[in-house]
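This briefing is intended for reading beside the sequence and the coordinates. Please keep both in view while going through the points.

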Amino acid sequence: MQELKDTQSEADTRNISIDRVGVKGLRFPIQIQDKLNRIQSTVATVSLAVDLPEEFKGTHMSRFVEALHQHGPLLDVHTAPSIPRELLGRLSASRSHVEMEFPFFRAKAAPVTGREGLMDYVVRFEMEAEAGDRLADFKLTVVVPVTTLCPCSKAMSSYGAHNQRGIVTYSVRFASRPVWIEDLIDLVESCASCSLFSVLKRPDEKWVTEKAYENPVFVEDLVRNVALKTQSHSAFSWYRVEAENFESIHNHQAYAVIERDLRS
């Protein structure tokens with residue numbers, strides 16, 4: 001069989017290295033192991049990249065997809081960081097980057113009637129590895145919808161107060177042992193005026209409305225609440241919490257963010 005020309009391995013004379021080169025927007029079926037050791041099937045949107053030294057013309061795109069298939073479909077926070085290490089070897093790179101974003105579902109019972117429905121959350125794994133380092137950097141992000149009720153509106157109004165749905169984007173790095181996705185979701189939901197539910201009957205709706213009214217939080221309160229709970233937890237070395245409230249009486253969003261390195 002005639003040997004085919006390997007154009008990617010040819011020399012490049014422009015003397016410009018590339019920080020990241022690879023594939024993105026790749027959809028891949030994965031299975032996530034949850035806290036109860038159940039397997040959840042979902043679909044991830046994946047990006048895989050490596051650095052490219054200035055002397056090489058191109059990278060070998062097929063090897064990224066091969067590395068993903070080689071790893072297998074079962075992922076959790078313990079096993080996913082092995083993927084960027086796999087890329088280093090396959091592509092003879094000094095740095096690699098992997099990002100996976102996927103919907104994650106939880107069965108959640110309504111607060112009064114107990115009617116169960118599925119809530120969906122966005123989860124993101126971001127991983128980087130460098131040649132010579134034993135461990136890959138791993139950042140876990142959960143995007144959690146919540147309810148917030150305005151303390152100012154409640155304080156000024158003779159009756160009622162405006163509330164809104166908000167989105168909290170919460171990212172962590174682990175200091176020691178990983179924390180389950182469900183634990184991060186629970187932490188965020190406990191810091192809002194009330195959590196969301198997919199199924200609510202009338203007694204549940206009354207409970208949710210009153211719970212939010214009795215627990216008003218500004219967007220500033222929301223990120224500070226998450227920050228306090230994170231900083232009291234020894235499992236984390238870094239965090240970033242970002243909250244965005246879709247105001248019900250304004251045509252704009254209220255926004256706040258806190259980012260801290262806890263290693264010091």
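This is a predicted model: local features need pLDDT of at least 70, side-chain atom pairs count only at pLDDT 80 or more; totals for chains, interfaces and linings use all residues.

Residues are numbered from 1 along each chain as its sequence is written, and side-chain values use heavy atoms, with hydrogens and water left out.

**Overall features**

- The protein comprises six helices and 10 strands; helices (H or I, at least four residues) and strands (E, at least two) are DSSP runs, numbered from the N terminus.
- The C-alpha trace spans about 80 × 35 × 35 Å along its principal axes.
- Of the 264 residues, 42% are buried; buried denotes under 20% relative accessible area, exposed over 50%, and partly exposed in between (1.4 Å probe, protein chains only).
- Among contacts with a separation of 6 or more, 65% involve residues 24 or more positions apart, a contact being heavy atoms within 4.5 Å.

**Helix H1**

- Phe64, Ala67 and Leu68 are buried in helix H1 (residues 61-71).
- Viewed down the axis of H1, these buried residues fall within an arc of 95°, so they line one face of the helix; the arc is that of the directions from the helix axis to the C-beta atoms.
- His69 and Gln70 are exposed on the other side of H1.
- The cover over the buried residues of H1 includes strand S1 (18-33), strand S2 (39-52), helix H2 (82-91) and strand S4 (95-109).

**Helix H2**

- In H2, the buried residues are Ile83, Pro84, Leu87, Leu88 and Leu91.
- The buried residues of H2 lie within an arc of 150° when seen down its axis, so they line one face of the helix.
- The cover over the buried residues of H2 includes S2, H1, strand S3 (74-75), S4 and strand S5 (116-130).
- Ser92 follows H2 and has a positive phi, near 50°.

**Loop residue Ser193**

- Ser193 lies in the loop between helix H4 (181-189) and strand S8 (194-195).
- Ser193 is buried, with a relative accessible area of 0%.
- The side chain of Ser193 reaches the backbone nitrogen of Leu149 at 2.9 Å.
- Leaving aside residues up to four places away in sequence, Ser193 touches Thr147, Thr148, Leu149, Lys211, Ala212, Asn215, Pro216 and Val217.

Technical notes. A polar contact is a pair of N or O atoms within 3.5 Å; within protein, one must be able to donate a hydrogen and the other to accept it, and residues adjacent in sequence count only if both atoms are side-chain atoms.
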